[in-house]
Amino acid sequence: MSDKLQSKTPAGAMADKWDNFKADMKLVNPNNKRKFKVLVVGSGLAGASAAATLAELGYDVEVFTFHDSPRRAHSIAAQGGINAAKNYRGDGDSIHRLFYDTVKGGDFRAREANVHRLAEVSVNIIDQMVAQGVPFAREYGGLLDTRSFGGAQLQRTFYARGQTGQQLLLGAYQQLARQIGLGAVKLWNRVELVDVVTVDGRCAGIVTRDLVTGEVRSHAGHATVLATGGYGNAFFLSTNAMNCNVTAAWRAHRKGAYFANPCYTQIHPTCIPQADDTQSKLTLMSESLRNDGRVWVPLQEGDGRPAHEIPEHERDYYLERLYPSFGNLAPRDISSRAAKRAVDSGRGVGPLKNGVYLDFSHAIGRLGKDVVKERYGNLFDMYERITGENPYDVPMRIYPASHYTMGGLWVDYELMTTVPGLYAAGEANFSDHGANRLGASALMQGLADGYFVLPYTIGNYLAPMLNQPVPGTDHPAFTAAEEEARARFQGYLDVRGSRSPDWFHRELGKIIWDKCGMERTAEGLQQALADIPALYEEFRRDLRVTGNGASVNQTLEKAGRVDDFFQLGMLMCRDALERNESCGGHFRAEYQDDEGEAARDDDNFAHVAAWEWSGDPMQAVRHKEELEFEAVHLAKRSYK
Amino acid sequence: MSHQLQDLTLKIWRQSGPADPGHFESYRIDAISDEASFLEMLDVLNEKLIAEGLEAITFDHDCREGICGTCSLMIDGQAHGPQRGTATCQLHMRKFKSGDTIVIEPWRATAFPVVKDLMVDRSPLDRIIEVGGFITANTGGAPDANIIPVPKPVADASMDAAECIGCGACVAACPNGAANLFTAAKVSHLNLLPQGQAERWSRVEAMVETMDEHFGSCTNHGECEAACPKSISIDFIALMNRDYLKAKFKNRKLISQS
């Protein structure tokens with residue numbers, strides 16, 4: 001184990017660790033908090049909630065977003081809900097059960113203590129969001145309603161129609177807006193991080209590029225939080241927003257932050273299948289639809305009949321058949337692979353034979369159209385707008401797509417990366433979901449990190465720095481980073497080749513999806529590790545960016561992001577190749593049991609792989625953080 | 001099944017920056033699948049422009065799922081185009097036919113200056129939220145979530161208002177450039193809920209007055225509701241006006257008596 005990978009997990013029983021940490025942590029006097037500047041990059045759930053809370057506490061906070069407004073962050077697109085161990089249903093939920101389900105759902109590849117803390121604070125999140133006015137769904141008596149989600153046998157998911165992410169993000173955004181209005185937070189919008197600056201091994205701040213003027217500028221702070229989301233857009237086609245990118249995390253990685261488990265990517269089972277070659281992104285249909293929708297394909301290969309002409313006995317409700325106890329609510333990785341196998345076996349449906357059915361006719365028969373409309377109306381409308389088909393009349397067609405990335409910057413228990421003073425929160429870190437994330441847990445983690453973890457742990461780091469001088473933006477490390485960033489962006493303009501950044505992104509995405517997507521093999525990964533560097537070489541030789549660097553230039557922005565996706569793509573494939581086991585979202589075809597389920601190798605791979613930058617992603621150095629399981633027993637993950 | 005649309009003419013607003021007066025430029029799309037979204041058609045056009053060595057058209061967009069509110073195009077004079085209750089990113093080419101000429105402009109409103117081409121600055125909307133579009137509830141002190149029951153019809157009405165995506169289509173569609181639907185949606189979301197009562201009157205006052213600093217006045221045209229991608233009702237404007245009027249007469253010591 002690298003000596004940098006100290007998890008700093010507090011002592012004590014699993015249920016006491018967080019309390020023990022809080023009891024022992026160092027505090028900053030309320031009057032001294034304003035002497036510390038905290039830079040928060042990203043304004044999604046994790047970033048907005050952290051920034052708002054730190055400002056409430058009295059810290060001097062600056063927030064950076066590449067959007068025109070902090071309210072646009074991609075957390076807004078989460079549909080289904082947020083988990084919390086409230087047990088309002090009286091169905092046997094508890095902090096321990098949410099903890100256990102999350103560790104198991106992650107295929108026993110997460111750090112137990114972090115997950116337990118997540119389950120503990122989940123209940124505070126719901127309280128906090130209700131107090132802020134998030135209009136969660138209610139029962140007729142006025143109490144909060146919940147529903148079930150994949151990977152759980154309880155109804156612990158709180159929701160606001162099909163727009164839970166929107167409502168939670170707006171809640172956090174409004175708290176942030178309040179602090180901006182009070183002058184406690186300075187907002188930098190349409191500004192993108194282009195480098196992280198370290199001085200004597202500590203994070204001293206960041207360098208940004210103004211997307212409107214092209215100005216490159218330094219910002220110094222006592223601590224920096226990266227809440228910059230995941231890297232699912234490495235696949236080009238994904239459910240991520242068009243502007244989601246890995247740049248902030250990758251630039252941090254290049255400055256010494258270890259990148260953990262990049263091969264743990266989540267392929268979401270219920271997205272609308274690709275319709276043609278111009279497609280720019282894939283649209284998710286909330287997993288909550290699997291509460292009432294039944295997944296099936298025709299029994300016969302190449303069955304070209306419309307769905308309603310295929311009789312019941314000629315349909316294969318394969319999830320119900322293979323996983324009777326979880327049925328259509330089997331976890332995402334398992335459902336995705338089952339869909340891939342159904343389509344690969346020639347039983348795909350739709351014009352391109354690239355989907356499976358998600359059928360609501362039984363639910364409509366059982367509950368009536370009105371109830372189905374109440375539950376999923378907006379999702380059905382969205383499906384119809386995109387496909388031109390009415391899901392009340394014909395079954396939806398769905399297929400898996402890249403959706404979320406469990407991997408990310410390695411962080412310790414305090415969410416600090418291997419660079420002191422640099423934190424990573426939300427999807428940008430690797431910490432809580434192991435090799436697979438359960439539905440409705442991303443919103444929970446983003447808000448847990450921002451509202452209830454960072455505000456404590458950052459104080460613990462800052463307290464000893466009181467009245468100590470820190471490097472300002474005139475430090476040579478900042479000027480050097482600025483120069484490098486200017487040269488890099490000018491470099492993209494100067495190549496004057498023949499292919500656009502989008503063209504390269506699409507080609508790169510195809511390689512990663514084919515070789516490092518739902519199913520991986522050593523042979524395929526080795527091929528990808530030959531193909532990606534070759535394409536990257538072409539990118540550096542043949543890129544074409546039109547326009548200039550002194551006004552809005554979305555082509556130039558894209559070039560910088562694709563550059564970083566290339567380097568990350570290599571690391572994803574190397575990580576997948578080194579991990580000689582199957583676990584969660586990482587499925588290596590060589591490692592499966594007789595029934596085709598993932599075969600973990602706990603003896604050799606019950607660890608986090610954390611990669612250290614060495615100047616070239618092909619030469620990155622792999623370190624291990626061994627995972628020790630005290631509170632749960634390593635078991636085969638079965639949903640049968 | 002997908003079909004191809006042929007021979008589209010696009011008249012697109014080009015403006016290199018706030019100081020440039022701007023102009024329309026015409027572009028041709030020879031063929032595009034009707035499965036393509038409107039923005040994917042612009043992607044295709046931009047790829048073509050880059051291939052010809054020309055600068056791509058700047059336009060705001062992000063989630064392409066109709067929820068982030070970033071996309072903002074005036075299509076044939078309609079904010080977000082011809083399909084009701086649909087943001088630009090969810091508009092698909094099947095709503096058009098071969099041979100069509102499509103005019104694409106940025107949001108037109110004094111409060112939204114053009115940044116470049118089809119991109120505008122909508123930050124005055126954030127200023128309205130910053131003065132009152134929140135419930136003051138610092139992290140940490142919240143009581144149990146079920147301690148205050150919210151009747152389902154109230155929660156539903158609040159949610160109807162809260163669906164606003166902040167795209168600014170209401171402002172762009174309004175002949176006066178008013179932001180009343182946007183502001184009313186946030187005022188109503190919070191003022192309807194029991195949690196929002198403590199700041200009900202100060203909220204509406206602050207938000208309406210900040211709105212008036214940046215935007216035009218509402219004269220009940222109703223264009224905003226027609227353009228809203230979330231079909232938010234102008235009834236909320238009535239609710240905001242009622243609360244604003246009440247707030248002006250309210251004795252703040254008796255604030256709990258609504």
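Domain bounds, as used here, come from an automatic or database domain assignment. On that basis, the C-alpha centres of domain 2 of chain A and domain 3 of chain A lie 30 Å apart. The contact between them draws 14 residues from domain 2 of chain A and 11 residues from domain 3 of chain A. The model is a predicted one.

The assignment divides chain A into domain 1 (14-266 + 404-465), domain 2 (268-402) and domain 3 (476-608). In secondary structure, chain A has 16 helices and 20 strands.

Next come the overall dimensions. For 640 residues, a compact globule would have a radius of gyration near 26 Å, and the 24 Å of chain A agrees with this. Along the principal axes, the C-alpha atoms fill a box of roughly 75 × 60 × 50 Å. Of the 640 residues in chain A, 67% are buried. Among contacts in chain A with a separation of 6 or more, 74% are between residues 24 or more positions apart.

The surface and the charges can be described briefly. Chain A exposes about 20300 Å², and 47% of that area is supplied by carbon and sulfur atoms. There are 72 positive and 81 negative side chains in chain A. The centres of these two sets lie 3 Å apart.

Two loop residues give a local view. A:E287 is located in the loop between β12 (265-271) and β13 (294-298) of chain A. Leaving aside neighbours within four places in sequence, the residues in contact with A:E287 are A:F149, A:G150, A:H268, A:T270, A:R332 and A:G439.

A:P395 sits in the loop between α10 (369-387) and β16 (396-405) of chain A. With a relative accessible area of 11%, A:P395 is buried. Not counting residues up to four places away in sequence, A:P395 touches A:A307, A:Y357, A:L358, A:D359, A:Y383 and A:E389. How far apart in space are A:P395 and A:E626, C-alpha to C-alpha? The distance is 46 Å, and the two are 231 residues apart in sequence.

Conventions. Residues numbered from 1 in each chain as written. Chains lettered and ligands numbered in written order. Predicted model: local features only at pLDDT ≥ 70, side-chain atom pairs only at ≥ 80, totals over all residues. Heavy atoms only, no water. Helix = DSSP H or I, 4+ residues; strand = E, 2+ residues; numbered from the N terminus. Rg over C-alpha atoms; globule rule 2.2 N^0.38 Å. Buried < 20%, exposed > 50% of the residue type's maximum accessible area, 1.4 Å probe, protein only. Contact = heavy atoms within 4.5 Å. Areas by Shrake-Rupley, 256 points an atom, 1.4 Å probe, with all protein chains shown as cover. Lys, Arg positive; Asp, Glu negative; His and termini not counted. Charge placed at Lys NZ, Arg CZ, Asp CG, Glu CD.
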